[in-house]
Amino acid sequence: MTTFFFFLALLTFFLLYNSRRKPYPPGPKGWPIIGNMLMMDKLTHRGLAKIACQYGGLVHLRMGFLHMVTVSTPDMAQEVLQIQDNNFANRPVTMNISYLTYNRADMAFANYGPFWRQMRKISVMKLFSRKRAESWDSVREEVDEMVRYVVSNAGLSVNIGELVFGLTRNIIYRAAFGSISRTGQDEFIKIMQEFSKLFGAFNICDFVPGLAWLDPQGFKGRLVKARDSLDKFIDSILDEHIANKKCIINDKGNNSDMVYELLAFYSDDLSKINHSDDVNDSLKLTRDNIKAIIMDVMFGGTETVASAIEWTIEVDTDDVFGLTAPRATRLVAVPTPRLLCPIC
Ligand code: HEM
């Protein structure tokens, strides 16, 4: 009898819940439990455009237990990105991302709020200020080195992708850590590569949260190992910077790298950490914040810029902008006097 009443109560709850819930936007019908997961490989920008043709600008998809909405028309995009910006400003995180960003201690995955706003202020006024950019001699040195490489390979084919990726990686590494020698850089790149794989990995537990305790794909061990290596690497750099206070200001009056810049806000006293909006309350960052922000910069600033440069060089501008520049196919290094001058 008790079981009967229990199931009756459960059924009533579900019926009431479903009758009060607003309907989802239209979308392709999914399977029980897995929903639309079998369509995952079709959800490219072209695939989404096709789905939008059939169902409209706002399409509902269910991936396992996760409900998603895709936005495909200018009107809907304006609604989401502008009119209801505040409701949609937070980025969703996967379990892997949450662990690797020290539970969203960075800027990119921090929810919209006082901490994010303070970080934006630090980014604009300190990390990426005009004065700061002008003082990055390391950028010029790295570019010089790349030009030297092109010159020494004059007449030969050049792998632009690799060359440019190496350039942006070196620049960001030096902007972040200020280290002139490349000691440790290879180790750091390996750590970042593992992070990158884990960031983008498909983890079934994101879609069926009940499976998290089982960890069927064995992510937990890999996540702990990856974050431990980053901890070890950046902690030693942080300690070195803290011990080496006299190098803090460079000859242009700026902190000489991003670690110094961020350390100016560092507090190891957790009770002082105050993420409020009040301008009189100065922002305090923890070690985890600093590590996660450096990681954002490494990820955000390397591949994006390299791809943009490579794309600009290789794209058929006629196809994209209607310009009549010739298509670049095989790139051959050709030194010109303008490139040679600064380094000869
Ligand atoms: C061509 C180069 C780049 C492209 C195409 C690009 C693209 C983007 C895009 C689309 C976003 C998301 C914006 C949003 O959701 O409102 C973003 C955010 C971000 N980017 Fe970039 N980016 C580039 C260069 C860089 C560089 C050089 C850095 C750092 C040195 C960087 C660091 C970041 C960070 C930290 C965020 C998160 C900001 C936030 O939470 O509001 N990006 N980027």
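Me: Ala, Val, Leu, Ile, Met, Phe, Trp, Tyr, Cys and Pro count as nonpolar, Asp, Glu, Lys and Arg as charged, and the others, Gly among them, as polar. By class, what does the shell around the ligand have?

Reply: The shell has five nonpolar residues, three polar ones and one charged one. Please note that this is a predicted model: local features need pLDDT of at least 70, side-chain atom pairs count only at pLDDT 80 or more, and totals for chains, interfaces and linings use all residues. Residues are numbered from 1 along each chain as its sequence is written.

Me: Which residues surround the ligand?

Reply: They are M107, A108, D296, V297, G300, G301, T304, V305 and A308, with a residue taken as near if its C-beta atom, placed from the backbone, lies within 6 Å of the molecule.

Me: And helix 14, how far apart are its end C-alpha atoms?

Reply: They are 41 Å apart, which agrees with the 40 Å that the 28 residues of helix 14 (residues 287-314) should span at 1.5 Å a residue. The expected span is 1.5 Å times one less than the number of residues, and helices (H or I, at least four residues) and strands (E, at least two) are DSSP runs, numbered from the N terminus.

Me: Which residues of helix 14 are buried?

Reply: Among them are I290, I294, V297, M298, T302 and A306. Buried means 20 or more other C-beta atoms within 10 Å, exposed 12 or fewer, and partly exposed in between, with C-beta atoms placed from the backbone.

Me: What do those buried residues pack against?

Reply: Their partners are helix 9 (160-177), helix 10 (185-200), helix 12 (219-243) and helix 13 (258-263).

Me: Which residues touch the most other members of the largest nonpolar core?

Reply: A176 and I294 do, in a core of 40 residues. Helix 5 (95-100), helix 6 (114-127), helix 9, helix 10, helix 12, helix 13 and helix 14 each give two or more residues to this core. Leaving out residues up to four places away in sequence, A176 touches D257, M258, V259, I294, V297 and M298.

Me: Turning to I242, is the residue buried or partly exposed?

Reply: I242, in helix 12, counts as partly exposed because 13 C-beta neighbours lie inside 10 Å. I242 and Y260 are 18 residues apart in sequence, and their C-alpha atoms are 8.2 Å apart.

Me: Finally, in which sense do strand 1 and strand 2 pair?

Reply: Strand 1 (residues 58-63) and strand 2 (residues 66-71) pair in the antiparallel sense over six bridges, and L58 has V71 in strand 2 as its bridge partner. Their hairpin has two residues between the strands, and G64 takes a positive phi near 60° there.

How values were computed:
Two residues are in contact if their C-beta atoms, placed from the backbone, lie within 7 Å. A nonpolar core is a set of buried Ala, Val, Leu, Ile, Met, Phe, Trp, Tyr and Cys residues joined through C-beta atoms within 7 Å. Two strands pair if DSSP finds at least two bridges between them.
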